[in-house]
Amino acid sequence: MEFIGRERELARIKKTLKAPEQRNVLIYGRRRVGKSELIKQALTDLSDVATVYYECRQTSEADNLESLSVLVAEALSFPPLAFTGIRELIEFLFAQAKDKNITLVLDEYPYLRDAVKGLDSILQTSIDAHREDSRLNIVLCGSYVEIMKSLIEHESPLYGRIDLALELKPMDYFDAAKFYPAFSPEDKVRLYSVFGGIPFYNRLIDQSQSVRDNIIELVTEPGARLESEVPSYLNAEISKMTNANEVFGALAQGYSRWGDVLAQSHVSSGPAMADVLDKLMSLEIVQKRAPINDPTNKR
């Protein structure tokens, strides 16, 4: 499968992981935006580096530990390994990387973070202890944008330990159009207006069909491949966010001013709604806009 676009992001990741010192990378962005494929593409150029790529699961620490231990043994050509916990496994990798480069990728890191109490602090302690004597690179990747962003905030144990924080955005028109070069410029604009810059969506477009047929087959037909994508994405991001659906309801009815949204959403207070809107804006689901020529806008 041809890898399309992301040249700048790819170059930054490769440069960071090729450094002779210990490095930590944080990559996050909405689902389907291409984070995992970007990381895998970067790793293909690191042939001299032992790589452990693990997709974390929404299960227990023991289950994740068992699966990760198997991958570590395979990557380092060891017999089956047994660890008492994730902390011991992390320390083992740091020790093994004293004389060779090793890269550990924890994809969907929030799942493992939920399963292992204090995982951020475990990583922070090991990073601080081995920053000068180990060549273990750690890549943390995740789709829960709010959680991933919190890892680089001042309150996080990992604050100041991340060497590259990369928020992966949907592709622009020019890169997205490379997925369907057979279409005319007009049709490329039509496709981009529907499927946007999400690589997963664009790979599904059939260039032997018309724009209309692609939209019907992928989006509007009952049971279509992308029929439930938007609801699934929103549910994954806002399921733990109190009052989010109430705010969405008010916005969907056309209310966009602060006071109107507060009144129509029935959120208990202004501070509570401010918290919801701040989170929705940080996820880039909602935008705040003010007319530049509005005389009542003191900002």
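The following dialogue examines how several features of this predicted model are classified.

Colleague: What kind of model is this, and how are residues numbered?

Modeller: The model is predicted: local features need pLDDT of at least 70, side-chain atom pairs count only at pLDDT 80 or more, and totals for chains, interfaces and linings use all residues. Residues are numbered from 1 along each chain as its sequence is written, and side-chain values use heavy atoms, with hydrogens and water left out.

Colleague: How many helices and strands are there in the protein?

Modeller: The protein has 15 helices and 5 strands. Helices (H or I, at least four residues) and strands (E, at least two) are DSSP runs, numbered from the N terminus. The C-alpha atoms fill a box of roughly 60 × 55 × 40 Å along the principal axes.

Colleague: Why is Leu 277 called buried?

Modeller: Buried means under 20% relative accessible area, exposed over 50%, and partly exposed in between, with a 1.4 Å probe and protein chains only. Leu 277 has a relative accessible area of 14%, so it is buried. Of the 299 residues in the protein, 41% are buried.

Colleague: Where is Leu 277 placed, and which residues does it contact beyond its neighbours within four places in sequence?

Modeller: Leu 277 belongs to helix 15, residues 270-282. Beyond those neighbours, Leu 277 is in contact (heavy atoms within 4.5 Å) with Val 247 and Trp 258.

Colleague: Why are helix 13 and helix 15 called roughly perpendicular?

Modeller: Axes are lines fitted to C-alpha atoms, for helices over the stretch in contact, and angles run from 0 to 180 degrees between N-to-C directions. Angles under 35 degrees count as roughly parallel, over 145 as roughly antiparallel, 65 to 115 as roughly perpendicular and the rest as oblique. Helix 13 (residues 244-252) packs against helix 15 at about 80 degrees, with the axes 10 Å apart; the two helices are therefore roughly perpendicular. Ala 244, Val 247 and Phe 248 of helix 13 meet Met 273, Val 276, Leu 277 and Leu 280 of helix 15.

Colleague: What makes strand 3 largely enclosed?

Modeller: In strand 3 (residues 102-107), 6 of the 6 residues are buried, so the strand is largely enclosed by the rest of the structure. Ile 102, Leu 104 and Leu 106 point one way, Thr 103, Val 105 and Asp 107 the other, and all are buried. In a regular strand the side chains alternate between the two faces of the sheet.

Colleague: How do you know that strand 3 pairs with strand 2 and with strand 4?

Modeller: Two strands pair if DSSP finds at least two bridges between them. Strand 2 (residues 50-55) is joined to strand 3 by 6 bridges and runs parallel to it, while strand 3 and strand 4 (residues 136-142) pair in the parallel sense over 5 bridges. Ala 50 stands opposite Ile 102, and Leu 106 has Leu 140 as its bridge partner.

Colleague: How many aromatic pairs does the structure hold, and what makes the pair of Phe 83 and Phe 92 tilted?

Modeller: There are 7 aromatic pairs. Rings of Phe, Tyr and Trp (its six-membered ring) pair if their centres lie within 6.5 Å; planes under 30 degrees apart count as stacked, over 60 as edge-to-face and the rest as tilted. Phe 83 and Phe 92 lie 5.3 Å apart, centre to centre, with 55 degrees between the planes, and form a tilted pair.

Colleague: Why does Tyr 173 count as partly exposed?

Modeller: Tyr 173 has 23% relative accessibility, so it counts as partly exposed.
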